[in-house]
Amino acid sequence: MSSMVLELNYVLFFIGITLTTIGAIFDVIASIGLLRFPEFYVRLHAATIGSIGGAVVPIIGVAILALSCTFLGPQRFFIFGCSIVIAMIIFFVAPVGSHAIARAAYRSRTVVPKYVVHDELRRVRG
Amino acid sequence: MGFSIETFLMNYVLYFIVPCFLISMTLYLIRLIKGPTIPDMVLATACIAYDACFFMCMLSIYFRNAYLILAAFCLALWAFILDLYVAKYLEARELGE
Amino acid sequence: MILLNEVLLVYSLIVTTILTYMVVMTRDLVRAVILSACQSIFFSIALYCILAIDIVLVYLPVAVGIYSVVFLYAIRKTEHLEKPVVGSHKVVALIVAVGAILVVALIVHSIMSGLTGWTPSKIIRPLARFIISRTINYYEPEFWTSSPEAITATVWDYRGLDTFFEITVFYGAIVGCLALFRFIEVIFKEKLREVEKLPKELGLSLITKTVCRVVFALISIIAINIAIHGHLTPGGGFQGGATYVIGPLLIMVALSQYFLRRIGYEERKLILLRSLGLIAIALVALIPALLGGFVFQNQYKPWSPYIGYPPYVDNVWISGSIFLFNVFDAIAVATGFCLIFLVLSIPEEYFKKLLEVKP
């Protein structure tokens with residue numbers, strides 16, 4: 001490693017690897033949280049980390065990583081663009097999914113919130 | 001130049017990143033099978049789907065082929081659709097209303 | 001030496017087996033639907049690891065998008081709990097499942113290691129070598145299809161008649177479905193005229209509605225891309241059509257079906273488009289026969305007088321009839337699926353009104 005020249009490829013490679021590693025660690029933490037939290041509404045917080053920190057961030061890391069892989073040839077720009085778009089799609093779409101299921105679970109009383117201090121929505125809606 | 005991006009990437013990916021994601025996928029699966037209520041299972045399925053998207057992106061670099069990433073595109077666009085279907089079912093409404 | 005794709009393949013296949021067993025044995029049907037959607041995701045990872053992207057592009061929309069909604073709709077109309085299984089039956093089922101897997105594994109191992117007298121050959125078969133070396137080959141233009149995508153070339157040129165039969169089966173299914181719902185328009189039209197303004201209570205919440213409109217546009221663009229590029233990238237007609245239909249399905253679930261009908265998805269228009277697509281496929285297949293060649297002919301062959309479809313038009317690579325087949329098949333499949341969901345979403349009370357016997 002001492003003979004490594006400061007090229008743009010190496011900088012991009014290490015940024016990509018860092019983001020992907022951060023994403024992997026976040027994903028493991030989120031899955032442990034999803035197992036250990038006591039209730040559905042508390043598990044939503046863990047699922048947020050799993051879907052955004054555990055999927056959007058590593059895909060952006062893969063995109064920057066792909067820019068530095070010169071062994072792929074001109075294909076690496078295609079992988080870069082597609083990965084950024086996929087990350088943005090997941091970024092917009094994942095919160096909508098959890099919002100829909102949480103709203104339906106609350107309104108249909110499938111899951112009654114137990115670990116709650118003050119439920120303003122129930123006071124308003126009755 | 002003693003440092004090659006290609007070999008370091010293949011080794012590092014194989015021995016560190018993929019086992020991390022496989023561990024978290026297994027833990028999501030345990031929550032899916034164990035989940036006492038239906039919304040728990042739906043949440044676990046969504047997290048598994050987003051992890052699968054990451055796998056597809058990583059594997060397209062590993063196989064050195066750019067066309068493989070279209071499958072990840074497709075999965076990302078409707079990974080949330082099961083949440084909407086189950087939400088509609090739980091609120092006890094007709095499919096089209 | 002560990003290969004990454006083999007590790008992922010083994011992992012996803014094991015998980016698929018376990019999840020399939022749970023889908024069959026679980027008592028609550030909604031759980032079975034969710035487990036089945038998850039099993040489809042793992043199976044698509046397994047298919048991805050053996051580089052079968054065309055199948056993944058069909059499997060994902062159909063198994064995750066279309067199966068789930070059809071089963072949830074059917075469960076909504078009936079009960080969602082099955083009869084409880086006796087404890088001893090569960091044990092017997094587990095033993096049978098594990099025993100079946102062990103027997104199959106034993107058979108495969110004994111064949112591959114040569115205990116029976118025959119081992120499968122490890123060299124590429126002559127037919128596969130023929131197809132792969134000749135799909136695009138400037139030096140031997142007697143057999144080429146001018147399409148670098150071997151799977152699309154096989155589907156539409158080398159074995160076009162099989163695809164023709166698949167299209168016929170799909171056509172028969174949609175004809176049957178429409179025949180079941182044939183008198184419904186008379187009663188349903190009044191309700192459609194009543195729903196003038198879209199009330200805010202229909203559909204899901206405002207956040208969901210906003211994002212679904214954006215995602216609908218994205219899905220349409222990706223579907224058209226997959227269908228038109230079928231001869232160059234993985235994809236094709238059926239993949240594009242199946243991908244497209246998730247868009248209107250999303251609009252139907254998030255905003256209501258009345259909105260979908262208002263923006264132009266009506267049964268008559270869709271039936272017209274579908275018929276035009278199928279007629280176009282038939283014409284593209286029959287025109288070579290009328291002009292002297294044989295049915296489903298793509299390029300020029302020395303033994304038939306038809307000059308063939310052009311491989312490129314103005315420097316845009318079209319691969320002859322394969323591009324036309326992909327576009328028309330995508331239109332036919334997308335409108336066919338949309339028809340089914342439009343007709344399935346009519347509420348149940350109109351059928352009860354239709355079926356009541358007048359004294």
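**View 1. Chain C, with its 15 helices and two strands.** Helices (H or I, at least four residues) and strands (E, at least two) are DSSP runs, numbered from the N terminus. The model is predicted, and for that reason local features need pLDDT of at least 70 and side-chain atom pairs count only at pLDDT 80 or more, whereas totals for chains, interfaces and linings use all residues. Residues are numbered from 1 along each chain as its sequence is written, while chains are lettered from A and ligands numbered from 1 in the order in which they are written. Taken along the principal axes, the C-alpha atoms of chain C fill a box of roughly 70 × 60 × 45 Å. Of its 359 residues, 34% count as buried, a term that requires 20 or more other C-beta atoms within 10 Å of the residue's own, with exposed meaning 12 or fewer, partly exposed the range in between, and C-beta atoms placed from the backbone.

**View 2. Chain B, with four helices and zero strands.** Along the sequence, chain B reads α-α-α-α. Its radius of gyration, taken over C-alpha atoms, is 18 Å, well over the 13 Å that the globule rule gives for 97 residues, so chain B is more spread out than a compact globule; the rule itself is 2.2 Å times the number of residues to the power 0.38. The C-alpha trace of chain B spans about 65 × 30 × 15 Å along its principal axes, and buried residues make up 64% of the 97 residues.

**View 3. The contact between chain A and chain B.** Here 52 residues of chain A are in contact with 48 residues of chain B, contact being defined by C-beta atoms, placed from the backbone, that lie within 7 Å. On the chain A side, helix H1 (8-36), helix H2 (40-68) and helix H3 (75-107) each supply at least two residues, and H3(A) provides the largest share, 19 residues. By class, this side of chain A divides into 34 nonpolar, 14 polar and four charged residues, where Ala, Val, Leu, Ile, Met, Phe, Trp, Tyr, Cys and Pro count as nonpolar, Asp, Glu, Lys and Arg as charged, and the others, Gly among them, as polar.

**View 4. The contact between chain B and chain C.** In this interface, 38 residues of chain B are in contact with 47 residues of chain C, and H2(B) gives the most to the chain B side, with eleven residues. That side of chain B has 33 nonpolar, two polar and three charged residues.

**View 5. H2(B) beside H2(C).** The axes of the two helices, which are lines fitted to C-alpha atoms over the stretch in contact, come within 10 Å and cross at roughly 10 degrees. This angle makes H2(B) roughly parallel to H2(C), a description kept for angles under 35 degrees. Among the residues that meet are Ile48(B), Phe55(B) and Leu59(B) in H2(B), and Ile34(C), Ile41(C) and Tyr48(C) in H2(C).

View 6. Most residues other than glycine have a negative phi.

Key: Two residues are in contact if their C-beta atoms, placed from the backbone, lie within 7 Å. Axes are lines fitted to C-alpha atoms, for helices over the stretch in contact, and angles run from 0 to 180 degrees between N-to-C directions. Angles under 35 degrees count as roughly parallel, over 145 as roughly antiparallel, 65 to 115 as roughly perpendicular and the rest as oblique.
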